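Dear colleague,

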Amino acid sequence: MPYDKYGSDVIVDMLKLYGIKYVPLNPGASYRGLHDSIVNYGNNSPEIIQCVHEKIALGVAHGYARQTRGPSAAIVHDLVGLLHGTMGVYYAYTDQVPVILLGATGPMDATRRRPHIDWIHTAQDQGGQVRDYTKFDDQPHTAAAVPESFARAYRVVSTPPYGPAYLVYDSNLQEDPLTTPVTYPDPKRVPAPTPMALNPQTATEIAQMLVEAKNPVAMADWVGQDPDAVDKLVELAELLGMPVIDNMRRFNFPTTNPLDMSNGKRDVLSQADVLFAIGVLDFDRSLTTLNRTTREMTEVLQPGCRIIDISYRDMGMKSWSQGFLKLREVDLFANADPYTALSQVVEAARTLVGTTQQSAISDRAARIAVMHDTVNAGWMERSRDGWDSKPMSLARLSWEVWQQIKGEKWTMTGADLDGWVRRIWDFTEVDQYPGAALGTGTQVGISLGVALANKEKDRLTVSIQPDGDLMFDAGSLWIAAYHKIPMLVVMYNNRAYYNDWEHQIAIAKHRGRNEEMAFLGMEFDHPAPDFGKLAQAMGWHGEGPIEDPNLLGPAIQRALKHIKDTGMPALVDAVTQHRG
């Protein structure tokens with residue numbers, strides 16, 4: 001005898017059981033059963049976030065997971081929706097965020113397919129489209145199999161290194177009524193694994209290398225996935241007077257700490273005798289200088305510098321994409337959870353620091369503090385170059401935004417303005433920086449997800465939004481207005497895809513050709529898009545374009561007042577120099 005329940009209701013039960021609060025989606029008939037279950041069976045819980053493109057739906061889930069540091073979910077239409085969303089899946093994989101993507105397929109039973117549309121929207125192996133850049137995919141064939149499939153996906157994405165999973169549901173599974181009850185798992189009994197620790201002997205060996213080093217340097221990429229690990233890195237750095245380089249894949253170290261040498265990393269790396277890399281994926285960006293034209297790289301570390309690598313580097317590695325980056329020789333390599341490993345190393349180091357070492361540590365800490373202040377003062381002096389230029393410099397743009405938001409509880413997302421945001425703003429806590437900007441066509445979606453997470457926390461989201469990126473997904477501004485997601489967008493509008501423009505200039509120079517023609521295929525001008533009016537058309541407060549930096553601060557003040565008064569988003573279009 002049929003129950004008053006359908007297969008898609010089981011999917012909603014699992015989303016609720018695992019605490020999924022939002023499901024960004026672009027609608028599609030292949031999951032009409034699931035859509036109805038969310039709206040009517042679940043009473044719009046989890047809450048639908050209506051998106052204008054599947055890639056944006058993935059971006060919203062991506063940004064939300066970044067900011068909450070927990071799994072999120074999104075939904076896409078069958079095969080064609082998945083194809084639209086593949087870039088979002090790929091970036092979730094390379095950025096190590098735990099996203100569960102739910103999808104659908106036309107009936108696998110060909111006798112139940114509608115003419116034409118169900119045939120061209122159905123694949124024999126839909127999960128194969130994203131299998132090379134997901135941690136797990138599954139297509140349960142009965143409603144009874146849905147709970148185990150979802151529970152496994154949740155555990156897999158929650159296990160470091162994090163990444164996305166894809167679950168696809170046949171439209172028949174969704175729409176057919178249940179004939180027998182379904183058993184649900186207890187999430188507490190299907191947990192992610194306990195954190196991986198170092199071998200105690202390895203922890204002692206690392207501590208000895210650091211304590212005995214004359215010039216140890218720490219470097220981090222992903223430590224900030226766990227706020228407690230950031231605190232442990234600070235504790236270790238201060239215990240040893242050790243400078244830290246934050247590669248800013250996440251927030252890893254406070255910029256205000258006198259041991260932060262991220263703005264002057266070459267000064268300490270060139271003298272390092274031990275490099276302690278914790279949660280680092282990309283060594284070469286910091287450890288080499290790059291000639292962008294010839295692609296030649298020059299090593300920064302001195303010969304003989306020993307390298308410690310604690311990471312999840314080779315776990316879950318796939319070879320379809322070369323996202324694992326260049327292989328680097330190291331002296332000690334261990335897989336371990338950053339917080340657990342740092343705790344072990346701190347404990348071991350405390351037992352090794354004696355009176356002689358403490359004197360050297362104190363001297364080193366004082367020296368690094370002077371370097372920290374000197375480097376930052378140098379950057380502030382350099383920021384005055386072109387201070388009153390029209391269009392404005394990137395340093396001036398960064399400074400103007402900082403003056404208006406520094407008294408707020410804020411999160412910065414989007415572009416870092418060629419490093420000027422980190423040089424000028426004070427980053428002191430994990431929630432202020434959910435992660436580095438990714439490729440073009442990703443930043444507005446991720447920023448929307450960050451802002452959605454911050455809406456729950458009454459926290460201001462400040463998105464530095466490149467013009468080229470927004471032109472990919474201009475319609476996505478509507479999402480924030482429709483769902484009343486408060487956020488401040490300040491355009492980084494250099495009216496160009498200038499990163500690529502700069503490459504064309506370099507190639508033309510190298511070949512002795514006309515660099516004046518490099519603008520072709522690169523500029524956003526003649527006509528220049530009016531992002532302020534675009535924002536207004538999407539239901540936002542919008543101002544600009546503003547070229548005079550003296551007018552930017554008041555415009556941001558008005559935007560902030562609008563956000564506070566209405567709870568609605570605001571955009572200020574700042575026109576900038578091409579480079580900082």
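Helix H14 crosses helix H21 in a right-handed manner. Please keep in mind that this is a predicted model. Two packed helices are described by the angle between their axes and the distance between the axes. Here, the axes of H14 (residues 394-405) and H21 (residues 552-566) come within 9 Å and cross at roughly 40 degrees, which means that H14 is oblique to H21. On the H14 side, the residues that meet the partner helix are Leu397, Glu400, Val401, Gln404 and Ile405, while H21 contributes Leu552, Gly553, Ile556, Gln557 and Leu560. Sorted by class, this contact holds six nonpolar, three polar and one charged residues.

The backbone also deserves a careful look, because most residues other than glycine have a negative phi, and most peptide bonds are trans. The peptide bond from Ser45 to Pro46 is cis, with omega near 5 degrees, and Pro46 sits in the loop between helix H2 (32-41) and strand E2 (47-50). The bond from Gly544 to Pro545 is cis as well, with omega near 5 degrees, but Pro545 belongs to strand E17 (residues 541-546).

Two histidines have a positive phi: His116, at about 65 degrees, and His526, near 55 degrees. His116 is in the loop between strand E4 (99-105) and helix H5 (117-120), and it counts as exposed because its relative accessibility is 56%, where the cut-off is over 50%. His526 is in the loop between helix H19 (498-511) and helix H20 (531-537), and with 66% relative accessibility it also counts as exposed.

Best wishes

Methods:
Residues are numbered from 1 along each chain as its sequence is written. This is a predicted model: local features need pLDDT of at least 70, side-chain atom pairs count only at pLDDT 80 or more; totals for chains, interfaces and linings use all residues. Side-chain values use heavy atoms; hydrogens and water are left out. Axes are lines fitted to C-alpha atoms, for helices over the stretch in contact, and angles run from 0 to 180 degrees between N-to-C directions. Helices (H or I, at least four residues) and strands (E, at least two) are DSSP runs, numbered from the N terminus. Angles under 35 degrees count as roughly parallel, over 145 as roughly antiparallel, 65 to 115 as roughly perpendicular and the rest as oblique. A crossing is left-handed if the near helix is turned anticlockwise from the far one by less than a right angle, and right-handed if clockwise. Contact means heavy atoms within 4.5 Å. Ala, Val, Leu, Ile, Met, Phe, Trp, Tyr, Cys and Pro count as nonpolar, Asp, Glu, Lys and Arg as charged, and the others, Gly among them, as polar. Buried means under 20% relative accessible area, exposed over 50%, partly exposed in between (1.4 Å probe, protein chains only).
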